[in-house]
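The sequence and structure come next.

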Amino acid sequence: MGTLSKVLCLVLLCCAIAAAEGTLKYKDPKQPLGARIRDLMNRMTLQEKIGQMVQIERSVATPEVMKKYFIGSVLSGGGSVPSEKATPETWVNMVNEIQKASLSTRLGIPMIYGIDAVHGHNNVYGATIFPHNVGLGVTRDPNLLKRIGAATALEVRATGIPYAFAPCIAVCRDPRWGRCYESYSEDYRIVRQMTEIIPGLQGDLPTKRKGVPFVGGKTKVAACAKHFVGDGGTVRGIDENNTVIDSKGLFGIHMPGYYNAVNKGVATIMVSYSAWNGLRMHANKELVTGFLKNKLKFRGFVISDWQGIDRITTPPHLNYSYSVYAGISAGIDMIMVPYNYTEFIDEINSQIQKKLIPISRIDDAVKRILRVKFTMGLFEEPLADLSFANQLGSKEHRELAREAVRKSLVLLKNGKTGAKPLLPLPKKTGKILVAGTHADNLGYQCGGWTITWQGLNGNDHTVGTTILAAVKNTVAPTTQVVYNQNPDANFVKSGKFDYAIVVVGEPPYAEMFGDTTNLTISAPGPSTIGNVCGSVKCVVVVVSGRPVVIEPYVSTIDALVAAWLPGTEGQGVADALFGDYGFTGKLARTWFKSVKQLPMNVGDPHYDPLYPFGFGLTTKPYKM
């Protein structure tokens, strides 16, 4: 055969391959969404379908595993990173390596990588850490939330990740719950307003087709409303426990946020570990399938929480066969396994063979997962690049976080009875004292879900501005700032300070590790307040994930500020303390007098708070 003939044969072969490729409807973005889903599902084996339903942790997501089991999704658990202080490039390379394995499978279905980005891209070194939701609810500013969502999406994309497990739309009804800071408010109306973070993360829904997931391209991420449903209503605020409430209460308090989330095109919804009147939500077919999928017409996919089906039983994993059956039958589409994937795959195969789980249930799950993947353009652009790397911790995003901090502060007291207000503080004065465990601690300021699952202590784990640094940045150059974390009374008395700023609060925690019955300021906070405020005019700034016991100290304090968990941009606290901006925040949670009153929420018959829901003093900005 001559050279020309060989070339011609090669060209014809290439054309034949291209033509064959062209018949693959699912790879053609011009085809209607439904046609693409149907075409791909018709080509899929049962094992390929099951693989789509499996989400595994990145630490076990080797290329071999991805290919052999056709894994549909991978996640980073809290604090699970490719390396300490990893750069965007390291993240992108890791995600792409996993993705290339998925693309090399027979059908080349891309995996979707998910991560908890619950107050900014919080696992990643150098990311902008926004205030936790408990502070954002105070702002009552949906536009701010939308802008935070858009900034978070860009920072998540900077690391090559297209899916964020946010927002948490729990309605926390008891501050003893360790996840209360993940809730915007005890009032469902504020939670509903704050769902505007969803179009920030995903983009604005172009159509008004109810329940259809939407993700607007490479600058956006798939969002996840969580935890469905009633996670904030458990007895005594015990994490993952039982929410004892009638239907009217569940649908009137805990469900409304999901109406907004679904209407705004949220791509995914995560099921709650908690139970409703004794039935685990991961096993609640009536609510997951009957209500969410059938009544609300949610068309995205439902995902379990971490080992969520295991925890259907007590103790977890007691009867895994039952857990798989109950979870899949309830209507969960993707299982966050996250480690023992072969056990899950073997079990679901066995139950399909025994006709315990019908193929129609598998097809429903896979259709929903593929719908999200197609909608977000994952088939067209499965691999990430570094085009958004400069978005991580950008100046613009830090300024946005600083604005959020200012707006989330609540001024609870400003001057003792009959005395003139202490705030705003003068920038130009002789000598000031800054004290307290939380004044110079970025880890404490950010709280849980920061760099690690439980959060950290200290200033060297990520990049940001502590409240002490912010104070030093703000005062006049001639003002002397003395920092003493826990001064004794004599030090304060002999110091000739014009005023003091005391920053105290809670240590970081996440989930059940934050469950508490006493809600106290951590030691030596109370003694610091006593030593300082007994001798000099003081403003106390409380850095906490919820209201804490403060009543015993209020009479000795001149001014009191709730700063919640402000994140990396401590400058926002100084902005308000020194009057560059006024205080505007109003409590989105009731501040109790004593833990004996709990649970106590606005509208309750026994409502007798220290500071009521909606309370917040204001100040006018002034320039020196």
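## A network of charges

In this predicted model, a network of salt bridges links Lys 293, Asp 333, Arg 361, Asp 364 and Arg 368. As a general point, side chains of opposite charge can pair when their charged atoms come close. Across the model, the count of salt bridges comes to 32.

## Helix α12

Asn 284 caps the N-terminal end, with a side-chain oxygen 3.3 Å from the backbone nitrogen of Glu 286. After the helix comes Lys 297, which has a positive phi, near 60°.

## Individual salt bridges

Lys 49 and Asp 363 pair through their side chains in a salt bridge, with an N to O distance of 2.8 Å. Lys 49 sits in helix α3 (residues 46–52) and Asp 363 in helix α15 (residues 359–375), so this contact ties together parts that are 314 residues apart in sequence. Lys 49 has a relative accessibility of 11%, and it counts as buried because that value is under 20%.

A second salt bridge joins the side chains of Asp 174 and Arg 176, at 2.7 Å from N to O. Here both Asp 174 and Arg 176 are buried.

What about Asp 608 and Lys 593? They form a salt bridge too, and their closest N and O atoms are 3.0 Å apart. Both residues lie in the segment after α22 (571–577), so the pair ties together parts that are 15 residues apart in sequence. Asp 608 is partly exposed, with a relative accessible area of 39%, and Lys 593 also counts as partly exposed, at 26% relative accessibility.

## The largest pocket

How much space lies in the largest pocket? The volume is about 280 Å³. Of the 19 residues that line this pocket, Tyr 273, Trp 306, Trp 449, Trp 453 and Glu 511 are the closest to its centre. Strands β2 (73–76) and β5 (224–228) are the elements that give two or more residues to the lining.

Sorted by class, the lining of the largest pocket holds nine nonpolar, six charged and four polar residues.

Terms used. Residues are numbered from 1 along each chain as its sequence is written. This is a predicted model: local features need pLDDT of at least 70, side-chain atom pairs count only at pLDDT 80 or more; totals for chains, interfaces and linings use all residues. Side-chain values use heavy atoms; hydrogens and water are left out. A salt bridge is a side-chain nitrogen of Lys or Arg within 4 Å of a carboxyl oxygen of Asp or Glu. Helices (H or I, at least four residues) and strands (E, at least two) are DSSP runs, numbered from the N terminus. Buried means under 20% relative accessible area, exposed over 50%, partly exposed in between (1.4 Å probe, protein chains only). A polar contact is a pair of N or O atoms within 3.5 Å; within protein, one must be able to donate a hydrogen and the other to accept it, and residues adjacent in sequence count only if both atoms are side-chain atoms. On a 1 Å grid over the protein atoms alone, a cavity is a set of points where a 1.4 Å probe fits but cannot get out, and a pocket is an open set with protein on both sides within 12 Å along at least five of seven lines; lining residues have an atom within 4 Å of a point. Grid points are joined across faces, edges and corners, and a volume is the space filled by probe spheres set on the points. Ala, Val, Leu, Ile, Met, Phe, Trp, Tyr, Cys and Pro count as nonpolar, Asp, Glu, Lys and Arg as charged, and the others, Gly among them, as polar.
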